[in-house]
Amino acid sequence: MTATDTPASGAAGALRRAGAALAGGGGGTVFALLVLVFAVIFAINPGFARPPSLLAFAQQAAPLVVLAVGQYLVIVSGELDLSVGSLVGAQVVVAARLIDGQEPMTLPVLALMLAFGAAVGLVNGLVTTVLKVPSIIATLGMMLVLYGAVRLWTGGAPTGALSEAFRVAGRGDAVVLPLIGGVPWAVLIAAAVGAAAVALMRSPYGRTLVAVGDNATAAAFSGARVWRVRTLAFVGSSVLATLAAVLIGGFAGVTAQVGEGLEFSAITAVVLGGVVLGGGRGAVLAAIGGALAVEALFTLFNQLYLPSTIQPTVQGVIIIAAVAYAARERSRRSPRAPAPAGGPEKSPREEV
Amino acid sequence: MRRTRVLLAAGAALSLALTACTTDTPTDGPGEEGRTSPSGDWFDAEEYEAQLAQRDMEPEGPADEPWLQAIDPTYTDTSEYALEGEDREDPTVCFSNASVSNPWRVTGWITMQQQVEVLQESGDIGEFRVSDAADDDNQQISDIQAFVDAGDCDAIIISPSTTATLTPAVEAACESGAPVIVFDRGVNTDCHVTFIHPIGGYAFGADAAEFLVDELEPGSRVLALRILPGVDVLEHRWAAAQQVFGDSELEVIGHEFTEGDGATIKDLVTQHLQRGDVDGIWMDAGDGAVAALEAFEDAGQPYPVISGEDELSFMRKWQEEDLTALAPVYSNFQWRTPVLAASMILDGEEVPEEWVLPQEPITGDDRDDFLERNADMPSLHYAKFGGEDLPGFPEAWQDR
Amino acid sequence: MSRPRLGTTGLVYVALLAILAAGAALAAARGQELLTTANTVDLLTRSSLLGFVAIGQTLVILCRSLDLSVGYVMALSSVVAATAMAGQPSRIWLGVAAVVVVAALIGLANGLIVTRLGVNAFITTLGMGLIIKGYLDTRYQGPAGEVPAGFQLFGYTRIGVVPLSFAVMAAVAVLAVLFLRRTRTGVHMYAVGGDAEVARMSGVRADRPLLTAHVLCSVTAGLAGLLIASRFGTGSTLVYSSGYELESIAAVVLGGTYLLGGRGGVGGTVAGVLILATLDTVFNVLGVDPFFKDVLRGAIVIAAVALYARRQIDRAATPPRFPRRPGHAAARGGGP
């Protein structure tokens, strides 16, 4: 027990550096936090270290990882997307109503969901970039519209049912490996999304996205079409939210409350990963690390038999502490004095 | 300049204050003795015993219309509210609804609207005016106040969002002179003409817990899944379960708040299964019961003994997998009763002061019967909705 | 600076009147009256609750910050007030004082975490909200405490059609306007939000206005909690689920305050609050489906803010008091 524990906490600094190297700066803290949380979980319940438990954890974390990647795209470009939670809810309810348990409907409905998700992202993006509505308001408005519209359409509570085929992605196993057991589709999908996102951020588009978030003016002067870059980020966020909806709906079926509050979980995950609200700084791998850390914290609370009412308090303290620690590290590294208002981080609402 | 204007405005406001001060608050405070302490322990031993006893009483009234039945009623005279002649034609009934934010309320709300249509057809009620507070207590207080101020409600029906907080508003409604009908959750006053509700949360929670105690071996491990803390109808269910479990040899391994979200439920149950066996699941509402069961399937574990609710997705799963299960009921048909009561009161007919409707769980014996009757209904529908004889059946409940 | 600000605020009041007129016309077309006594009292009561929160939110937004913990502060304050009063008229002032102290401490904590620890306001206040939620859920099971009848007068007394709570809210708004115009800290809030770097170069210490804004924001949320307690007759922990944090931000932005700080004011915010309340009243009178209300609200907020944004682009030539870094105006216009 001690053997797992001590090196982990003792080597937190080294881990952070290794994590920072891996994530390209800024994200070291989250990997240290992740390792620490897992060390404690293993210490309490050594059985958790077995592959089936870890894979079950990864399966539960997959939707948040996908959402965090989407939210990362928007945040690093200097905006915020509050509509993802109600978009997830809307998509699951729409899918249940349209599929209504009929297997052949699965693929057409999936295509429709994809189109709907892209359309929502396009509207978010254009309202923000062309109409100059701050993204926090644009996506808050979208959140209200989606929440109301879906309930208006279904009369307040979801109807219908998802097909078995629809549920495979969120619930089923892709392969069954010897010794390890079933590897869920959700884990593979989340890994693929993560890999694609890393590749994307290394592509010219990814570099422009970060440049736009860092300084839209400079990016515009160097030839970037700021509005297009950001609109595409919103479309990416909404499409990934749609994918998350497929995973969540598949995992647990349809309930009236599905998706509620996910926008804040996703933003928390991204910020925990050291990505700066306001844009321009932070790596997508660290955002994924943030999502895993958020899920790992919940697992830890559960393993500790922490009363569920007190969990939000602990969560709040840890989030603030982790972000404060990362901010300290950052200001220690950069000799520039921190900007006064809002601390060294930029405001969540960067100039459009 | 600006300051002068501000001062002027302040002066004007002050003079208004001196001339036209009115207060809408109920002048004499709530009766102290009738008021239960809203804080602290939710367990009320007397009420608990009363509800457990009511489960075994034979209700009065027509057996095929449970929404008109009453358990151990004390009738109250309503002749003072009777409308005569022209006034009785098309009276306005006002309904302040807490919300339609969950499937149980949606189902009930459809039933109520269907019942209203019947009564409007027959001329027993006229305009049916509705405010929906969307679960916001303050909004509902304003809604009720607006009914009172409008002054043309012949009867006011209230489904309070929270017991303690709505009490002052209900008292204000009572003082308006119109008969007030409260249903579902109660309030801490007895100024209303009738308070309609099924037996209650203690009976629900005890039904569920007793079933688990009967079906499980001593020493079995039970997980409790709850929706939210702080809502009285739900807290009563859990308080009763704690009583029952406390006297049993079952081990309660934890109670978790899920907000009724399927993904959260499945997460939590999966994690509990990773740490050890779970033999029984107690739920304070059926939302997401299927997700809890799926966690067992995906973990390759045998199904637990489970208590859910009469929600159809759970009942269908119960039938498919032939589970050892119980569906405690918080009678959804109670949504019919308030409008019928309004019509009775406006006729001057006596009604029970506290109208306790029957509340019987669905067991393995009558499960298939209820599923058959609701075969065409959507999955988030409630088996004991009690609207089969209304003209809109079944389309109104199918096309939501 | 003051002219363009008046311009935006003026526009907001014009929008308010337009919505009132349109609502009245729609209601009249259905043979109903919009501004009956009942509806007016309802409208103003609704405004007073959101108004308190939105006034405080305006201050933090002017400083280029924001506060997502206000809903939780309201819930906590209502419980603190009701338990401290414990139903006794003699303890009313104790309850009020306790709320102000508790709320101010929370605001101070928010402000210190933002300024000293360098944590973004979004995360700070989201985390603070979670901390309070955990405390409330653990410590209280549902409504707690009792408010004496004397204090319920705060929530139910009215002067003609004007509820006392609205008059108090208006007074707080007037105080906030005077604070922003007449005090050093108030004026500095605009400077800090406008451009922190320029503000610092001109000798404004950014920490103090920001800290003050966070404290005042929590205190106004505390006042909203007091109003809740007085209307409910007890403290309600579940108020936090009513979404006041996002609604107050919407009201502030609807009132013409610039989300990036430095421009706007409390006058506009009050109009923004009244617009939201008027919409609700109109929807109520017209019997709009509660879910359709959400759709309309979302669409209207976006549309209104898009309109303001258009005006701001048109006025991009006007030199603001604290000039932004060169090129910002170009960036704003440099999208499409």
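Q: Which residues is Q54(B) in contact with, leaving aside its neighbours within four places in sequence?
A: In this predicted model, Q54(B) is in contact with I71(B), I199(B) and V356(B).

Q: And where is Q54(B) placed?
A: Q54(B) belongs to helix 2 of chain B, which covers residues 45-54.

Q: Is Q54(B) buried or exposed?
A: Q54(B) has a relative accessible area of 15%. Buried means under 20%, so Q54(B) counts as buried.

Q: Staying with chain B, what is the phi of D184(B)?
A: The phi of D184(B) is near 70°, which is a positive value in a residue other than glycine. Most residues other than glycine have a negative phi.

Q: Where is D184(B), and is it buried or exposed?
A: D184(B) lies in the loop between strand 6 (180-183) and strand 7 (194-198) of chain B. Its relative accessibility is 5%, so D184(B) counts as buried.

Q: Which residue of chain A has a positive phi although it is a residue other than glycine?
A: L179(A) has a phi near 70°. Its place is the loop between strand 1 (173-177) and strand 2 (181-184) of chain A.

Q: Buried or exposed, that L179(A)?
A: L179(A) has a relative accessible area of 87%, so it is exposed.

Q: Back to chain B: what kind of peptide bond joins F393(B) and P394(B)?
A: The bond between F393(B) and P394(B) is cis, with an omega of about 0°. Most peptide bonds are trans. P394(B) sits in the loop between helix 13 (367-373) and helix 14 (395-398) of chain B.

Q: What does UniProt say about residues 95-327 of chain B?
A: An unreviewed UniProt entry annotates residues 95-327 of chain B as "domain: Periplasmic binding protein". In the model, this span is 47% helix and 19% strand, and its end C-alpha atoms are 30 Å apart.

Q: Now chain A: how many helices and strands?
A: Chain A has 15 helices and 2 strands. Of its 352 residues, 61% are buried. The accessible surface of chain A is about 12300 Å², and carbon and sulfur atoms account for 71% of that surface.

Q: What share of the chain A contacts with a separation of 6 or more links residues 24 or more positions apart?
A: The share is 76%.

Q: How long is helix 7 of chain A?
A: Helix 7 covers residues 135-154, which is 20 residues. From its first C-alpha to its last it reaches 28 Å, close to the 28 Å expected at 1.5 Å a residue.

Q: Why is helix 7 of chain A described as largely enclosed?
A: Of the 20 residues in helix 7 of chain A, 14 are buried, so the helix is largely enclosed by the rest of the structure. Just after helix 7, G155(A) takes a positive phi of about 70°.

Q: Which residues make the nonpolar surface patch of about 260 Å²?
A: The patch is made by L122(A), L126(A), V130(A) and L131(A). V130(A) is in the loop between helix 6 (106-129) and helix 7 of chain A. With 30% relative accessibility, V130(A) counts as partly exposed.

Q: What about chain C, where does UniProt place the feature "transmembrane region"?
A: The unreviewed UniProt entry places it at several spans of chain C, including residues 117-136 and 266-285. Residues 117-136 of chain C are 80% helix and 0% strand, with end C-alpha atoms 26 Å apart. Residues 266-285 of chain C are 100% helix and 0% strand, with end C-alpha atoms 28 Å apart.

Notes:
Residues numbered from 1 in each chain as written. Chains lettered and ligands numbered in written order. Predicted model: local features only at pLDDT ≥ 70, side-chain atom pairs only at ≥ 80, totals over all residues. Heavy atoms only, no water. Helix = DSSP H or I, 4+ residues; strand = E, 2+ residues; numbered from the N terminus. Expected span 1.5 Å × (residues − 1). Buried < 20%, exposed > 50% of the residue type's maximum accessible area, 1.4 Å probe, protein only. Patch = residues over 30% accessible without salt bridge, like charges linked within 9 Å, V, L, I, M, F, W, Y side chains within 5 Å. Areas by Shrake-Rupley, 256 points an atom, 1.4 Å probe, with all protein chains shown as cover. Salt bridge = Lys/Arg side-chain N within 4 Å of Asp/Glu carboxyl O. UniProt positions renumbered as here; feature names shortened; annotations may be inferred. Contact = heavy atoms within 4.5 Å.
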